[in-house]
Amino acid sequence: MGMYKILLEDSIGYDFTLIAIHGSLEPYYLAYLLNKNLGLRLFRSREDLIIGNREEEASYPFFEFNDERQYVDYYVLSNKTKIEVEAKAVAGLFESEKTLKTTYFIPEMPQVDYFIKVVEDGNAFAKAKALKILNQISHIVTAYEVDVSSLKNKEHLIFE
């Protein structure tokens, strides 16, 4: 009997475009600007993206739009959120205090305010044109494509 060798690939194909956006905007206002300038119809998802454990559970605002005519799905999510963390005091009047801590959806990119994830089933998404439009919006400081393979926490981007 011959020996068989099973090779398990550790890498998952990340077949989507990820765009980073810098700009201190409220999430709903960014969605409005994207709808207006890119011709999308983003809407706030009923449930936010939740990452973390029981002690430090972080909720990130999440917008989505499924373009059924062009087979493109758009997801806009915040990279930053603040959570309450209980810090135990050693001595004093109060035994514990609650403090705010900033957490990041993609921790290795803390300077990014928002991400746009674009999943396409063809070649309908014009990446260069979208980046040019995003960089022309006055409220957005800069927008650029992110190499997903270089991220450590890329599994956070697998949702649907």
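Student: What stands opposite Phe 63?
Tutor: Val 76 in E6 stands opposite Phe 63. Mind that this is a predicted model: local features need pLDDT of at least 70 and side-chain atom pairs 80 or more, while totals for chains, interfaces and linings use all residues. Residues are numbered from 1 along each chain as its sequence is written, and side-chain values use heavy atoms, without hydrogens or water.

Student: Which strand does E6 pair with over six bridges?
Tutor: Strand E5 (residues 62-67) pairs with E6 (residues 72-78) in the antiparallel sense. Pairing takes at least two DSSP bridges; strands (E, at least two residues) and helices (H or I, at least four) are DSSP runs, numbered from the N terminus.

Student: What order do the strands of the open sheet take?
Tutor: The six run E2-E5-E6-E9-E1-E10, with antiparallel pairing. E2 (43-44) and E10 (142-146) each have a single partner strand, so one side of each lacks a neighbour in the sheet.

Student: New topic. How many salt bridges are there?
Tutor: Three in the whole structure, counting a side-chain nitrogen of Lys or Arg within 4 Å of a carboxyl oxygen of Asp or Glu. One of them joins Lys 80 and Asp 113 at 3.1 Å, N to O. Lys 80 lies in strand E7 and Asp 113 in the loop between E8 and E9, so the pair ties together parts 33 residues apart in sequence.

Student: Is Asp 113 buried or exposed?
Tutor: Buried, at 15% relative accessibility; Lys 80 is partly exposed at 32%. Buried means under 20% relative accessible area, exposed over 50%, partly exposed in between (1.4 Å probe, protein chains only).
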